[in-house]
Every structure is written in C-alpha cells, then in structure tokens.
Amino acid sequence: FRKLFFRTLHASPREYAASLRLTHAKVLLLQSRQSIGEIALACGYRTLSCFNRKFRAETGLSPRDFRKNGMPGISCG
C-alpha cells in the first residue's frame with residue numbers, strides 16, 4: 001500500500017496526512033474566527049506549540065501572522 005501510495009501521490013501516507021491537516025488549518029485561519037488553539041485541536045495537534053512549530057516550518061509564518069497577513073493571491077471575502 002505504502003509503495004503504491006507514494007508512487008501515486010509522491011508522499012508517504014504520514015506526509016500526506018500532515019499536509020492535509022496544515023491545509024485545513026490554513027483555511028480555518030483565513031475563514032473562521034476560531035482561536036488558533038481551537039484550530040490546532042480541530043486539525044489534530046495535541047498542543048499549540050507543536051502546531052506553531054509545524055505551521056512555521058511549512059509556511060515560514062506563525063499561524064497568527066498567517067491569519068493577519070493572509071496569503072498573496074487568495075481572497076476570503
């Protein structure tokens with residue numbers, strides 16, 4: 001399964017799941033009024049610090065800065 005998954009999606013199941021979780025977090029940060037802690041929990045992170053670390057590693061921004069500045073080229077309203 002893992003080999004077929006990787007051949008198809010160019011990522012391991014774990015990497016793919018992590019990517020989906022962060023994508024969902026980005027959407028919630030831009031489109032909801034939930035707190036960052038609530039978003040972290042909703043996306044499967046056990047702690048806010050873990051979420052912050054993973055988010056910054058992926059985007060180069062903290063979740064707070066991402067929410068404040070948005071993403072270039074993406075409109076939410």
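**Entry 1**

I looked up tyrosine 16 and found it in helix 2; helices are DSSP runs of H or I with at least four residues, numbered from the N terminus. This is a predicted model, in which local features need pLDDT of at least 70 and side-chain atom pairs count only at pLDDT 80 or more, while totals for chains, interfaces and linings use all residues. Residues are numbered from 1 along each chain as its sequence is written, and side-chain values use heavy atoms, with hydrogens and water left out.

I read a relative accessible area of 33% for tyrosine 16, which is therefore partly exposed (buried is under 20%, exposed over 50%, partly exposed in between, with a 1.4 Å probe and protein chains only).

I next examined histidine 10, in the loop between helix 1 (2-9) and helix 2 (13-31). Its phi is near 55 degrees, positive although the residue is not glycine. Histidine 10 is exposed, because its relative accessibility is 64%.

Serine 12 lies in the loop between helix 1 and helix 2, but I found serine 12 buried, since its relative accessible area is 8%. Beyond its neighbours within four places in sequence, serine 12 is in contact (heavy atoms within 4.5 Å) with Arg2, Phe5 and Phe6.

**Entry 1: aromatic pairs**

I noted five aromatic pairs in the structure. Rings of Phe, Tyr and Trp (its six-membered ring) pair if their centres lie within 6.5 Å; planes under 30 degrees apart are stacked, over 60 edge-to-face, and the rest tilted. Phenylalanine 1 and phenylalanine 5 make a tilted pair, 5.6 Å centre to centre with 50 degrees between the planes. Phenylalanine 1 is exposed at 75%, whereas phenylalanine 5 is buried at 17%.

Phenylalanine 51 and phenylalanine 55 also form a tilted pair, at 5.6 Å and 50 degrees. These two are four residues apart in helix 4, so about one helical turn separates them. Both phenylalanine 51 and phenylalanine 55 are buried. I traced ring pairs linking Tyr45, Phe51, Phe55 and Phe66 into a cluster.

**Entry 2: the end of helix 4**
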